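Reader: Before I set anything up, could you take me through the strands of this chain and the surroundings of one of its residues?

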Amino acid sequence: MPRPHLTVAVAALALTAACLADAALRSGDFPHAAATRACGPTDRPAVAIYLATVPIESLAPRPPYIHITVWQSLEHLPGGSWRIAAGGTTAAAWYYSASNDFEVATVGHLMVSSVLPDSSIQGSVDVTFPAAGRVSGAFRSRWNSRALLCG
């Protein structure tokens, strides 16, 4: 015999869990951003962008956070657009739910509208992670200058 109360309760619980999982990665949940020099897979210049839930005090932000790397120098970013994919050759993204627990984005897109005189980067990102879900929205990352030698 069907139990309508149980069915409704299970459906409500599943819907709540789906909404919570989806809401966990809205762009507004990552209001803090920083960027710095990085090295690409062939030791050429790259830029790393970090999106975090709390202010970024170091380049290993407190989880959860998103790390995006685009294999271009800072000077080549303005007006650029890059496809993000697992094993991609132009950009990649990782979602860190804990310091040593991360997943690689399966698909996405990074657009940089401008690099300001202080090297802050303005742009937008739309990226999807297998378990964590989708993040989409604008960002403005402050520049964290550091010496880095690639190669």
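The questions and answers below go from strand pairing to a single side chain.

Author: This is a predicted model, in which local features need pLDDT of at least 70 and side-chain atom pairs count only at pLDDT 80 or more, while totals for chains, interfaces and linings use all residues. Residues are numbered from 1 along each chain as its sequence is written, and side-chain values use heavy atoms, with hydrogens and water left out.

Reader: How many bridges join strand β1 to β2?

Author: Strands are DSSP runs of E with at least two residues, numbered from the N terminus, and two of them pair if DSSP finds at least two bridges between them. Strand β1 (residues 32–39) runs antiparallel to β2, and His-32 has Ala-52 as its bridge partner in β2. The number of bridges joining β1 to β2 is eight.

Reader: In β3, which residue is the bridge partner of Ile-49?

Author: Strand β2 covers residues 45–52, and six bridges join β2 to the antiparallel strand β3 (residues 65–70). For Ile-49, the bridge partner in β3 is Ile-68.

Reader: Is His-67 buried or exposed?

Author: His-67 lies in strand β3, and buried means under 20% relative accessible area, exposed over 50%, and partly exposed in between, with a 1.4 Å probe and protein chains only. Because its relative accessibility is 15%, His-67 counts as buried.

Reader: Beyond its neighbours within four places in sequence, which residues is His-67 in contact with?

Author: Contact means heavy atoms within 4.5 Å. With those sequence neighbours left aside, the residues in contact with His-67 are Ala-48, Ile-49, Tyr-50, Ala-92, Ala-93, Trp-94 and Tyr-96.

Methods. Helices (H or I, at least four residues) and strands (E, at least two) are DSSP runs, numbered from the N terminus.
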